[in-house]
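Please look over the sequence and the model that follow, and keep both in view while reading.

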Amino acid sequence: MELPFNSEQFIDVWNDWLEYKYLEFKFKYKSPQSMRASLKKLYRLSDGDEQNAIQIIEESMANGWKGFFKLKEETKTISLAEKMRRQYGINDI
C-alpha cells in the first residue's frame, strides 16, 4: 500500500493507527480500497501537510475516535515559517 507520505515518522504513526484501530475496535481494513480511501481522506483533511496528518492521527487516537477529523485551528502547532522551512528549505524567515 502506497502511503501519501514516506517519512519514517509518518509510517510509524500510521502503523500505530492500524494497531490502535484493531486493539480498540477490533477493526482491520477489509481491502486495499478501503485503506486507500481512509488515506485519501487523511490527506484531504491535512491539506496535504504531513505534520498535520500526523497530528490528525494522534488527535484521533488521543480522543478514542474511530476516524479522522480536521484539526481545529488552535490544535495546529506548526507555524507558517516552519512550513516554509520544511517545504522549500527556507531558513531565514
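This is a predicted model: local features need pLDDT of at least 70, side-chain atom pairs count only at pLDDT 80 or more; totals for chains, interfaces and linings use all residues.

Two residues are said to be in contact when heavy atoms of theirs lie within 4.5 Å. Leaving aside the neighbours within four places in sequence, Lys66 is in contact with Trp17, Lys21 and Phe25. Lys66 itself sits in the loop that runs between helix H3, residues 50-62, and helix H4, residues 80-88. Is Lys66 buried or exposed? Its relative accessibility is 57%, and because a value over 50% is what exposed means here, Lys66 counts as exposed.

The protein has four helices and zero strands, and reading along the sequence gives the pattern α-α-α-α. Of its 93 residues, 29% count as buried.

How do the helices lie against one another? Helix H1, which covers residues 8-25, and helix H3 have axes that come within 10 Å and cross at roughly 25°. That angle makes H1 roughly parallel to H3, because angles under 35 degrees are counted in that way. The crossing in which H1 passes H3 is left-handed. On the side of H1, the residues that meet H3 are Gln9, Phe10, Val13, Trp14, Asp16, Trp17 and Tyr20, while on the side of H3 they are Glu50, Gln51, Ala53, Ile54, Ile57, Glu58, Ser60 and Met61. Sorted by kind, the residues of this contact of H1 with H3 divide into nine nonpolar, three polar and three charged.

Ile54 is found in helix H3, and, leaving aside its neighbours within four places in sequence, it is in contact with Gln9, Phe10 and Val13. Ile54 and Asp12 are 42 residues apart in sequence, and from C-alpha to C-alpha they are 9.7 Å apart in space. With a relative accessibility of 2%, Ile54 counts as buried, since buried means under 20%.

H1 also meets helix H2, which covers residues 32-45, and here the axes come within 14 Å and cross at roughly 125°. H1 and H2 are therefore oblique to each other, and their crossing is right-handed. In this contact Phe10, Trp14 and Leu18 of H1 meet Met35, Ser38, Leu39 and Leu42 of H2. The residues of the contact of H1 with H2 divide into six nonpolar, one polar and no charged. Phe10 and Trp14 are listed among the H1 residues that meet H3, and they are listed again among those that meet H2.

A pair of aromatic rings is described by the distance of the centres and the angle of the planes. The structure holds nine such aromatic pairs. In one of them, the rings of Phe27 and Tyr29 have their centres 5.0 Å apart and their planes at 85°, so the pair is edge-to-face. Phe27 is partly exposed, with a relative accessible area of 30%, whereas Tyr29 is buried, with a relative accessible area of 17%. Both belong to one aromatic cluster, which is formed by Trp14, Trp17, Tyr20, Phe25, Phe27, Tyr29 and Phe68. Trp17 and Phe25, two members of that cluster, are also contacts of Lys66.

Most residues other than glycine have a negative phi. Lys26, however, has a positive phi of about 55° although it is not a glycine. Lys26 lies in the loop between H1 and H2, and at 59% relative accessibility it counts as exposed. Asp47 likewise has a positive phi of about 55° and is not a glycine. Asp47 is found in the loop between H2 and H3, where it is exposed, with a relative accessible area of 54%.

Notes. Residues are numbered from 1 along each chain as its sequence is written. Side-chain values use heavy atoms; hydrogens and water are left out. Helices (H or I, at least four residues) and strands (E, at least two) are DSSP runs, numbered from the N terminus. Buried means under 20% relative accessible area, exposed over 50%, partly exposed in between (1.4 Å probe, protein chains only). Axes are lines fitted to C-alpha atoms, for helices over the stretch in contact, and angles run from 0 to 180 degrees between N-to-C directions. Angles under 35 degrees count as roughly parallel, over 145 as roughly antiparallel, 65 to 115 as roughly perpendicular and the rest as oblique. A crossing is left-handed if the near helix is turned anticlockwise from the far one by less than a right angle, and right-handed if clockwise. Ala, Val, Leu, Ile, Met, Phe, Trp, Tyr, Cys and Pro count as nonpolar, Asp, Glu, Lys and Arg as charged, and the others, Gly among them, as polar. Rings of Phe, Tyr and Trp (its six-membered ring) pair if their centres lie within 6.5 Å; planes under 30 degrees apart count as stacked, over 60 as edge-to-face and the rest as tilted.
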